[in-house]
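Let's take a walk through this structure together, with the sequence and the 3D view side by side. Have your viewer ready and follow along.

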Amino acid sequence: MTEGHAILVTGGAGYIGSHVVLALLDAGLRVVVFDDLSTGRPEAVPAGVPLVRASTGDATALRAALRDHGIGAVIHMAGSLIVPESVTDPARYWRNNLANTLVLAEACLAEGVTRLVFSSTAAVYGIPDRLPVDEDAPCRPINPYGASKHAAEQLLLAVSAAHRLDIVALRYFNVAGADPAGRAGQRAPGATHLIKVACEAALGQRAEVAIYGEDYDTPDGTGIRDYIHVTDLARAHVEALRHLAMGGGSVVLNCGYGRGHSVRAVLRAVEHATGARIRVRIAPRRPGDPPAVVAAAQRIQGLLAWRPAFNDLDAIIADAVRWERHMANQDRRHLWS
Ligand SMILES: NC(=O)c1ccc[n+]([C@@H]2O[C@H](COP(=O)([O-])OP(=O)(O)OC[C@H]3O[C@@H](n4cnc5c(N)ncnc54)[C@H](O)[C@@H]3O)[C@@H](O)[C@H]2O)c1
Ligand SMILES: O=c1ccn([C@@H]2O[C@H](COP(=O)(O)OP(=O)(O)O[C@H]3O[C@H](CO)[C@@H](O)[C@H](O)[C@H]3O)[C@@H](O)[C@H]2O)c(=O)[nH]1
């Protein structure tokens, strides 16, 4: 698919990145990870995969990595992604998500890399007028995270229109779960994502889950999101590369299943999967949170040879719980070694 070239995965030591690396290896591709390990972990990079430890803000390191490893395409996943943090520290988000994407785009042009898959987000839509939200809906982000990712998309599409750099921007909805074979999962401590937080609470690793707002205009008053299994999402990247390799051209694609689940429904499903009761506390709405976001999922399935294999909240949660148990066992082993 890249004529013997390797794929550079920025952010490949992170949660989603480590699953994308596995999907690329499973597809028989050569992979190099480029990651500053700010939130990623070296142990998330499979043995035999080179890890370049540097920031995407470092043009020299980027160009060297593209050149030295014979890179044919880039999957750009490095970024900052916590919505409330983006509200309190916006400059970090504009720098990491926009300025560093510009550095990467220029490095690609300078080194003759012509294909790039970009990790975008449902947060570009803000509060959609209509659900499910399709790719042509207006983008009116309501937090600096979404705004910086939308600006990065615009930058990449403008570069793509003017130069030989084709872009697939994948707008991920809420990513959750873990590799069904247990090879990877979400490792970063201090997680904020609902399914991870709920699994930790159910397994006794945190006292409670705060529900951020019970007064939204939704059936049970809590926020609604479209949760996608990380392994399905990872395989979408392989298909996006295939699309570019076949000359498919630049495109923006939602990555979701087209079904929404409320916070309360997620908590019930985690309780069902674990047999545990989760203590909840009703907290104020979180700044920057839209009430409901659900993907229109037709375009990606029309354009890519991608079909979801784990389109089921219980399947996502089962893999998330299995990974959390695995991590807990590892921690216990360390305690006694
Ligand atoms: N998790 C989600 O639900 C979600 C949803 C939509 C979009 N995304 C996007 O997916 C991408 C990956 O997110 P994730 O959930 O795996 O988060 P993560 O924090 O686990 O992964 C991000 C990775 O990027 C690395 N990184 C960050 N800044 C870097 C820099 N300047 N240079 C080099 N490496 C850097 C980190 O060390 C980490 O390994 C992000 O771009 C994020 O915006 C995530
Ligand atoms: O402890 C928690 C955590 C979350 N929530 C709620 O659960 C929902 C999901 O929240 P979370 O898991 O934090 O994800 P989002 O804020 O929706 O953002 C995620 O999903 C976006 C795409 O929709 C991505 O762009 C972001 O990177 C990613 O963090 C929201 O309604 C939150 O208010 C709670 O009630 N309690």
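**A guided walk through the fold**

Leucine 37 counts as partly exposed because it has 16 C-beta neighbours inside 10 Å; a residue is buried if 20 or more other C-beta atoms lie within 10 Å of its own, exposed if 12 or fewer, and partly exposed in between, with C-beta atoms placed from the backbone. You will find leucine 37 in the loop between strand 2 (30-34) and strand 3 (51-52). Helices (H or I, at least four residues) and strands (E, at least two) are DSSP runs, numbered from the N terminus. Leucine 37 has a positive phi of about 60 degrees, although it is not a glycine. Most residues other than glycine have a negative phi, and most peptide bonds are trans. Another backbone feature is the cis peptide bond that joins leucine 131 and proline 132, with omega about -5 degrees. Proline 132 is found in the loop between strand 5 and helix 5.

A word on the model before going further. This is a predicted model, in which local features need pLDDT of at least 70 and side-chain atom pairs count only at pLDDT 80 or more, while totals for chains, interfaces and linings use all residues. Residues are numbered from 1 along each chain as its sequence is written, and chains are lettered from A and ligands numbered from 1 in the order in which they are written.

Now step back to the domains. The protein chain is assigned domain 1 (6-177 + 227-255) and domain 2 (194-225 + 258-293 + 310-336); such bounds come from an automatic or database domain assignment. Their C-alpha centres lie 26 Å apart. Across the boundary, 22 residues of domain 1 are in contact with 18 residues of domain 2, where contact means that the C-beta atoms of two residues, placed from the backbone, lie within 7 Å. On the domain 1 side, two or more residues come from each of helix 3 (83-88), strand 7 (174-176), strand 10 (227-229) and helix 7 (230-245). Helix 3 gives the most, with 4 residues. By class, this side divides into 14 nonpolar, 7 polar and 1 charged. Here Ala, Val, Leu, Ile, Met, Phe, Trp, Tyr, Cys and Pro count as nonpolar, Asp, Glu, Lys and Arg as charged, and the others, Gly among them, as polar.

With 25 C-beta neighbours inside 10 Å, alanine 176 counts as buried. Leaving aside neighbours within four places in sequence, alanine 176 is in contact with His193, Ile195, Tyr227, Val230, Ile316 and Ala320.

Which residues come nearest to the ligands? Around ligand 1 there are 28 residues, the closest being Gly11, Gly14, Gly40, Ala78 and Gly79; a residue is near a molecule if its C-beta atom, placed from the backbone, lies within 6 Å of it. Helix 1 (15-26) supplies the largest share of this shell, 3 residues. The shell around ligand 1 has 10 nonpolar, 16 polar and 2 charged residues. Ligand 2 has 21 residues around it, and Thr121, Ala122, Leu194, Tyr212 and Gly223 come nearest. Two or more residues of that shell come from each of helix 6 and strand 8 (209-212), and strand 8 provides the largest share, 4 residues. The shell around ligand 2 has 13 nonpolar, 5 polar and 3 charged residues, and draws at least three residues from each of domain 1 and domain 2.

Helix 6 (residues 194-202) is largely enclosed by the rest of the structure because 8 of its 9 residues are buried. Glycine 204, with a positive phi near 80 degrees, follows helix 6.

Finally, look at the largest nonpolar core. Of its 104 residues, Leu8, Val9, Leu170, Ile195 and Ala198 touch the most other members; such a core is a set of buried Ala, Val, Leu, Ile, Met, Phe, Trp, Tyr and Cys residues joined through C-beta atoms within 7 Å. Helix 7 contributes the largest share, 8 residues. This core draws at least three residues from each of domain 1 and domain 2.
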